[in-house]
Amino acid sequence: MTLSEKQQKFTVMIGQLIDWADKNGYGLTLGDAYRTPTQAQLNAQAGKGIVNSLHILRLAIDFNLFIDGKYQESTGAYRPLGEYWESLGGVWGGRFSKPDGNHFSLEHNGVK
């Protein structure tokens with residue numbers, strides 16, 4: 001699969017996740033979707049990401065989650081969305097060694 005084809009698949013999957021979240025009472029707003037290589041480097045230096053972030057390739061997105069209108073910060077609050085995302089074939093950041101519950105990505109060349 002080419003990178004473009006993978007990006008298109010990722011976009012459709014994100015649409016499915018947003019629809020599922022809405023139907024199940026989860027409010028979402030968009031966080032980081034695209035990140036420049038420079039920003040990825042700065043984030044990595046600050047301990048808030050990796051240099052070869054999938055955000056650079058448009059294969060990752062961070063969401064802001066709201067339940068009953070209240071912003072959720074804990075990885076646990078994202079678990080139902082993460083599990084649904086994994087059922088679609090995506091990678092959920094809540095499973096990372098340093099959990100990142102609001103991160104949803106599609107693996108590419110071994111990077112999650």
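In which loop is the place of Asp68? In this predicted model, Asp68 sits in the loop between β2 and β3, the latter spanning residues 70-72. Phi of Asp68 is near 55°. That is a positive value in a residue other than glycine. Most residues other than glycine have a negative phi. Asp68 counts as exposed because its relative accessibility, 78%, is over the 50% cut-off.

Asn109 also carries a positive phi, near 50°. Asn109, too, is a residue other than glycine. The position of Asn109 is in the segment after β5, which covers residues 103-105. With a relative accessible area of 70%, Asn109 is exposed.

The overall architecture can be set out next. The chain contains three helices and five strands. Along the sequence these elements follow the order α-β-α-β-β-α-β-β. The chain has 112 residues, and its radius of gyration is 14 Å. A compact globule of this length would have a value near 13 Å, so the chain agrees with that expectation. Taken along the principal axes, the C-alpha atoms fill a box of roughly 35 × 35 × 20 Å.

Of the 112 residues, 35% count as buried. The accessible surface comes to about 6,400 Å². Carbon and sulfur atoms account for 51% of that surface. The chain bears 11 positive and 11 negative charges.

The largest nonpolar core holds 20 residues. Phe10, Leu81, Trp85 and Phe104 have the most contacts inside this core. Helix α1 (3-23), strand β2 (60-67) and helix α3 (79-87) each supply at least two of the core residues. The largest share, five residues, comes from α1.

Trp85 is one of the residues with the most contacts inside the core. Trp85 touches Phe10, Met13, Ile14 and Leu17, among others. The partners of Trp85 also include Gly90, Val91 and Trp92. Phe104 and Ser105 complete the list for Trp85.

Met13 is buried because its relative accessible area, 4%, is under the 20% cut-off. Met13 touches Trp85, Leu88, Gly89, Gly90 and Leu106. Gly90 is therefore a partner of both Met13 and Trp85 under the contact criterion of heavy atoms within 4.5 Å. Met13 and Ala33 are 20 residues apart in sequence. Their C-alpha atoms are 14 Å apart in space.

Lys23 is also found in helix α1. In contrast to buried Met13, Lys23 counts as exposed, at 64% relative accessibility. Lys23 and Pro37 are 14 residues apart along the chain. Their C-alpha atoms are separated by 35 Å.

Asp100 lies in the loop between β4 (91-92) and β5. With a relative accessible area of 28%, Asp100 is partly exposed, because this value falls between the 20% and 50% cut-offs. Asp100 and Thr75 are 25 residues apart along the chain. The separation of their C-alpha atoms is 6.5 Å. Thr75 is among the residues that Asp100 touches. Gly93 and Gly94 are the other partners of Asp100, again leaving out residues up to four places away in sequence.

Definitions and conventions:
Residues are numbered from 1 along each chain as its sequence is written. This is a predicted model: local features need pLDDT of at least 70, side-chain atom pairs count only at pLDDT 80 or more; totals for chains, interfaces and linings use all residues. Side-chain values use heavy atoms; hydrogens and water are left out. Helices (H or I, at least four residues) and strands (E, at least two) are DSSP runs, numbered from the N terminus. The radius of gyration is taken over C-alpha atoms; the globule rule is 2.2 Å times the number of residues to the power 0.38. Buried means under 20% relative accessible area, exposed over 50%, partly exposed in between (1.4 Å probe, protein chains only). Accessible areas come from the Shrake-Rupley method with a 1.4 Å probe; for residues, only the protein chains shown count as cover. Lys and Arg count as positive and Asp and Glu as negative; His and the chain ends are not counted. The place of a charge is taken as NZ of Lys, CZ of Arg, CG of Asp or CD of Glu. A nonpolar core is a set of buried Ala, Val, Leu, Ile, Met, Phe, Trp, Tyr and Cys residues joined through side-chain atoms within 4.5 Å.
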